[in-house]
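Keep the sequence and the 3D view at hand while you read.

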Amino acid sequence: MKILIVIDDYFNKSNGMSISTQRFVHELKKMGQDVRILSSIAGGKPDYPLPIMTIPIFKNIIAKEGFHFAKPKKEIIKEAISWADLVHLEDPFPVCWTAAKIAKQMRKPITGTFHLYPENLTASVPILDHARINSAFMRLFRDTTFNYCSYLQCPTTKVEQHLKKYNFKSKLIVISNGISDYYLQNNERTTTTNLFTILSIGRFSNEKDQKTLIRAVARSKYKDRIKLILAGKGPLKNEYLSLCQKLRVKAHLDFYTRNELKQIMDQSNIVVHCANVEVEGMACMEAFATGCVPVIAESPLSSTSVYALSPKNRFPAGNSQILAKRIDYWITHPQDLKTMSANYQNYAKSLSIENSARKVLTMFEKAQKNYVSN
């Protein structure tokens, strides 16, 4: 099958949506599929290159977030779609909604993946982060892009339920974005008994809410025994550094390569996922695949908590007091921590990218078959 993947920022190395798409493309090609990319030229050379689009009002915010929008050039989009047997949309931005309309005109089957909520965008722009505005964006995503899709991949059941509330027309299929074999194999835990290492991975931004973790560490009875690592980059780095200094929390804030981060995962006792807006939480999943025990925020728009295997693996989003209790529990129950670490390594195997890619390919085949029959 000739599969066209449409995405704004395919080569981005720090964006979860981009990384997930790269992994699916790799797996689909391994399965013998012919896959091409329609994307911006940011960071690489896609099969169908589009120029980077600048949005003046949000230029500085977008730059801080490290994301690039592609400019929808219709002649390039038409060329790409002419080649394809099936068009798959990865985001709800101008290139995808233009591709959706053209693919429909050219009578090509269309599928998609739901990767982000409006709140992932508006959390960094407080003037826009209101329920009515977010609902309007959700309807915009639905009507301009995703309702063109016959099938839509939802990474979790929680995402599926949320899309049903907004009356998405597509057939919703729950398929995890999946965990790379890189994190599932050759895991050698190298934690020490001297310091209890807590890892948190994610962009330094409002919806990721790392400040709740910093405050929880400050509340911990074992604060002096804790080594805190915040892995990422983003607009709130200086704010987090100031908060750590104010609360006297010893923390390392930095962006790490894939190999460096894997080593840190192997050395960490727990991974804390504080995000209050998250479609799936891939970085947290990768960490628990290595045996790093997760403590995950529960909120209406965060699906990652579906991967909590016990109450001790979750806490109410934004509640640093309860998070501190969870941290103290795992510090004082090393045998439970060891058992849970093994449980998560086994659990993660069921969430492999290989399994997910097979399911996505089945979704593509159904979309193509049903389209032809209709």
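Which residue lies over the face of Tyr329? Lys312 does, at 5.0 Å from the ring centre. Bear in mind that this is a predicted model.

The charged end of Lys233 sits over Phe255, 4.8 Å from the centre of the ring.

Helix 13 covers residues 320-332, and helix 14 covers residues 334-348. Their axes come within 5 Å. They cross at roughly 95°. Angles from 65 to 115 degrees count as roughly perpendicular. Helix 13 and helix 14 are therefore roughly perpendicular to each other.

## Aromatic pairs

How many aromatic pairs does a search of the whole structure find? The search finds 17. Two of these pairs are described here.

Start with Phe114 and Phe146. Their ring centres are 5.5 Å apart and their planes stand at 50°, so the pair is tilted. The pair links distant parts of the chain, 32 residues apart. Phe114 is in the loop between strand 7 (110-113) and helix 5 (118-122). Phe146 is in the loop between helix 6 (131-144) and strand 8 (151-154). Phe114 has 0% relative accessibility, so it counts as buried. Phe146 counts as buried too, because its relative accessibility is 1%.

Now take Phe288 and Tyr344. Their ring centres lie 4.8 Å apart with planes at 50°, so this pair is tilted. It also links distant parts of the chain: Phe288 is in helix 12 and Tyr344 is in helix 14, 56 residues apart. Phe288 is at 0% relative accessibility, so it counts as buried. Tyr344 is at 0% as well, so it counts as buried.

Some rings join into a group. Phe114, Tyr117, Phe146 and Phe168 are linked into a cluster by ring pairs.

Helix 12 spans residues 282-289. Is it largely enclosed or largely open? Of its 8 residues, 7 are buried, so helix 12 is largely enclosed by the rest of the structure. The buried residues are Met282, Cys284, Met285, Glu286, Ala287, Phe288 and Ala289. Just after the helix comes Gly291, with a positive phi of about 100°.

Most residues other than glycine have a negative phi. Two arginines have a positive one. Arg107 has a phi of about 60°, and the phi of Arg248 is near 55°.

Where are they? Arg107 is found in the loop between helix 4 (94-105) and strand 7. Arg248 lies in the loop between helix 10 (237-247) and strand 12 (251-254). Are they buried or exposed? Arg107 is at 58% relative accessibility, so it counts as exposed. Arg248 is at 71%, so it counts as exposed as well.

Leaving aside residues up to four places away in sequence, Leu243 touches Lys211, Ile214 and Arg215. Lys211 is 32 residues away along the chain, and its C-alpha atom is separated from that of Leu243 by 7.7 Å.

Phe67 sits in the loop between helix 2 (59-65) and strand 5 (69-70). It counts as buried because its relative accessibility is 12%. Phe67 and Lys349 are 282 residues apart in sequence. From C-alpha to C-alpha, Phe67 and Lys349 are 31 Å apart in space.

## Accessibility values

The table gathers some of the residues described above.

| Residue | Relative accessibility | Counts as |
|---|---|---|
| Phe146 | 1% | buried |
| Phe67 | 12% | buried |
| Arg107 | 58% | exposed |
| Arg248 | 71% | exposed |

Terms used. Residues are numbered from 1 along each chain as its sequence is written. This is a predicted model: local features need pLDDT of at least 70, side-chain atom pairs count only at pLDDT 80 or more; totals for chains, interfaces and linings use all residues. Side-chain values use heavy atoms; hydrogens and water are left out. Axes are lines fitted to C-alpha atoms, for helices over the stretch in contact, and angles run from 0 to 180 degrees between N-to-C directions. Helices (H or I, at least four residues) and strands (E, at least two) are DSSP runs, numbered from the N terminus. Angles under 35 degrees count as roughly parallel, over 145 as roughly antiparallel, 65 to 115 as roughly perpendicular and the rest as oblique. Rings of Phe, Tyr and Trp (its six-membered ring) pair if their centres lie within 6.5 Å; planes under 30 degrees apart count as stacked, over 60 as edge-to-face and the rest as tilted. Buried means under 20% relative accessible area, exposed over 50%, partly exposed in between (1.4 Å probe, protein chains only). A charge sits over a ring if NZ of Lys or CZ of Arg is within 6 Å of the ring centre and within 35 degrees of the ring normal. Contact means heavy atoms within 4.5 Å.
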